[in-house]
Amino acid sequence: MRDAKPRAIYLKDYQPPAYLIDKTVLYFDLHEDHATVEATLHLRRNDGVAGDAPLVLHGQDLQLESVALDGRALDDDEFQAGDETLLVHRVPARFELSTRTRIRSQDNSSLEGLYKSRTMFCTQCEAEGFRKITYYLDRPDVMARFEVAIEADRARYPVLLSNGNAVAREELPGGRHRVRWDDPFPKPAYLFALVAGDLHSVDDSFTTCGGREVALRIFVEEKDLDKCDHAMRSLKKAMRWDEDVYGREYDLDIFNIVAVDDFNMGAMENKSLNIFNSSCVLCSPETTTDKGFQTVEAIVAHEYFHNWSGNRVTCRDWFQLSLKEGFTVFRDAEFSADMGSRTVKRVEDATVLRTLQFAEDAGPMAHPVRPDSFIEISNFYTVTVYEKGAEVVRMIHTLLGPEQFRKGSDLYFERHDGQAVTCEDFVRAMEDASGLDLGQFRRWYSQAGTPLLTVRDEYDPERERYTLVVSQSCPPTPGQPHKEPLLIPLAMGLLGEAGNLPLRLAGEAPDAETADNTHRVLMIDAAEQRFVFEGVGEKPVPSLLRGFSAPVRLEYGYAREDLCALMRRDDDGFVRWDAAQQLAVSVINEVQEQLQANQEPRVAAVYLEACDALLADTSADPAMVADMLRLPGETYLAELAAQRGGADVEAIHGARETVLRALASHCEANWLDAYRRSAVDAPYAPEAAQIAARGLRNTALEYLAAAREEHINLARAQYTAAGNMTDRLAALRVISQRAAAQVREETLAGFYRDWRDESLVVNQWLQVQAAMPGDDALERVRQLMAHEAFDLRNPNKVRALVGGFANGNPLQFHRGDGEGYRFLADVVEQLNSRNPQIASRLLTPLTRWRNYAGERANLMRAQLQRLAALPGLSPDVYEVVSKSLED
Ligand code: TRP
Ligand code: ZN
């Protein structure tokens, strides 16, 4: 915490490091009331860069005990230890710098650097946490080999882990012991990790394509040993997949995963020692939902894939974060698609993008996939860098095709192995391998904001010509008032009466037809373009943005009948789903207008009938049916309304609820039938067919409970009979939302009694309650913060309860008296000094204040202003608050 205003740093100011580190030797001496860290850095002047620049190391919250250069202790006038640096005035071209520092891990509540999570020591160094461990060149373009020794009490900390290979274990006097680790791969400090604890492991092994036998271990507390199987299976699948699809083999003899309870994010890809939030690795059918199983599989794969996309080839600087994150998210998304249902995965990812990322792009924190400035890098682990970054890589994949893309990734890994590189290096490898010019495409990295494609069409029945006129634009974002046209791959087809029509653009030979001539990708690269299709014998319905081929908004004036046709019959799963969503949005908007005009609301019959038909079609994929019949969320609707001038929270809620109830009653018979026919008899398995069946069944349950009060009994019966957490929690959610007070409270209390010892399950219980309706919702959340099950120091609990309320209970968060906003700001204030990363992330819903109509915007802004005026604001919170208030 500092008092001077934190300053922004800029990509354009990047300078290569003045010094490099060949080897880093660390000695950790861990105690309950302090830890000492001895570091010897084998440094070398970076020729041609340094001149006679002094050595400046990063450091934060460190107590320096001694400094020596080549073994000679330095006098006080030979160095300067400031708040955030250690400066050594005169150093030779090559030298060893040794420091001894003391840190207080037991008091480190930021969960960054070396800290204690319950009984174990662990680290989180990305992005700039290593400087809280020792003085260092804490930047990703400084890569060193690490030799680490850890000394600790043997009884409390029988397991001592770091990166690479364990090379020695020694017993020491006084009940202490020591383990030494060597990591042969040079790495930046952000990939360093250390764990010490009373841990137990589930062990397995994997033989790589090159015949290397790798020992796999997942370390957890003893009580969680029975929750590691799914993560282990996922890890082995990911290792095989990366060999098959990318030709990437694992490069050490061991790979360790550790589960920790107090963790700021999902997981961290430290070389050969991945550290996971326990919520992202532990699974069992009794305690984990289907969604949880899928998350674990995806995150285990994500962190594993970083071994190549992130560790072997890393980032030059933090502006290049998407180089590793965008690429790795693309890799894990393709992995998940291959493991389960490709279309369902695509719909999920498109939903995240359209709700969270488009909102970020439209808000005060909007930034390009490669940001050009930041105050606090922790604030830039965003949906833009991760998910939009993945979409940018996906578009490259679409433009090049799978074979050329693979050539490009091979070239990238080969050319840059062991280096710290930029997004530009990635794009250039793709260009060099494929021969394709990605010049204009590069703007996706530098230009923020969500592009809008506006599509018009004309049909000429005489000449059998169909013309699409496509124009693109992009709204201004902070610091970027004017936008250039992007290269946008627009995948499309044309739907006729009997199915998708063959496509032939004017000027193409009629026999230029390929096997799949009903699908193509149009290259949109100018402000406006025309595409003329010939031989179109009927007026088609355009099927646009198939597979969500680009992260853009698309507007085309579809008639409701067109959307019904796409929904029922288009070849592309994403388009079918999107048509259902668009139809739902238009119906909800219509009801909202009727309600505002004090008219009796009428839910369009075409919509209800299309949904009923979909539900009756027992040959359809149940997962898709469930996705298509789930109404867009209130937050997404608010985001859309904001585009048109200002969201009215109550009106949106009222309209959505009206449509939901209409859909529930209109289709009641089919909902009941879907509920009954999708019961799963087989023993629980987290596999696609079962997940789909449970998904549809639980969606049906939600609608049934909205259709008729007596159907609450179905939820109660399901709650009691459930043999897995997916069904139990779904029933609990329905009961908490719709049952009478007594049933609701009894069921919630019973759930806590049953699950109080399973912390991750208790978090679900907190989140369910955070989303409960009623004017007492905030009061309930306040009381839960005082409950024994809550702990402000644990990010999972804060996210479940406070995040669950602010993001998952829009009507109550946006209470007219502004108490929801005040509550959130109060929590942010408390967390600002304890855990700035979590404080800053919690703030997101308040940053959207401009989206809301009237007095609410003022109330939201007032809380941001209150926070802005606080003394001792962390850079994390300062950046979000100040940017949100800029005009
Ligand atoms: N690099 C990690 C990932 O994408 C995430 C990460 C970044 C992280 N910063 C963190 C995790 C801070 C925990 C804390 O997998
Ligand atoms: Zn990652």
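**Close-up views of a predicted model**

**View 1. Glu376 and its contacts.** In this predicted model, Glu376 touches Pro875, Asp876 and Glu879, leaving aside residues up to four places away in sequence. Glu376 sits in the loop that runs between strand E23 (373-374) and helix H5 (383-416). The side chain of Glu376 also forms a polar contact of 3.0 Å with the side chain of Ser378. Glu376 has a relative accessible area of 14%, so it counts as buried, the cut-off being under 20%.

**View 2. Polar side chains at ligand 1.** Of the 14 residues around ligand 1, those that come nearest are Glu126, Glu269, Glu303, Glu325 and Tyr386. A polar side-chain atom of Glu303 is 2.6 Å from an oxygen atom of the ligand. For Tyr386, a polar side-chain atom lies 2.7 Å from an oxygen atom of ligand 1. In the side chain of Glu325, an N or O atom is 3.0 Å from a ligand oxygen atom. The protein buries 96% of the 370 Å² that ligand 1 exposes when taken alone.

**View 3. The shell around ligand 1.** Strand E20 (267-268), helix H2 (290-305) and helix H3 (321-339) are the elements that give two or more residues to this shell. Sorted by class, the shell holds 6 nonpolar, 3 polar and 5 charged residues.

View 4. Over residues 561-886, the chain is 74% helix and 0% strand.

Key. Residues are numbered from 1 along each chain as its sequence is written. Chains are lettered from A and ligands numbered from 1 in the order in which they are written. This is a predicted model: local features need pLDDT of at least 70, side-chain atom pairs count only at pLDDT 80 or more; totals for chains, interfaces and linings use all residues. Side-chain values use heavy atoms; hydrogens and water are left out. A residue is near a molecule or strand if one of its heavy atoms lies within 4 Å of it. A polar contact is a pair of N or O atoms within 3.5 Å; within protein, one must be able to donate a hydrogen and the other to accept it, and residues adjacent in sequence count only if both atoms are side-chain atoms. Accessible areas come from the Shrake-Rupley method with a 1.4 Å probe; for residues, only the protein chains shown count as cover. Helices (H or I, at least four residues) and strands (E, at least two) are DSSP runs, numbered from the N terminus. Ala, Val, Leu, Ile, Met, Phe, Trp, Tyr, Cys and Pro count as nonpolar, Asp, Glu, Lys and Arg as charged, and the others, Gly among them, as polar. Buried means under 20% relative accessible area, exposed over 50%, partly exposed in between (1.4 Å probe, protein chains only). Contact means heavy atoms within 4.5 Å.
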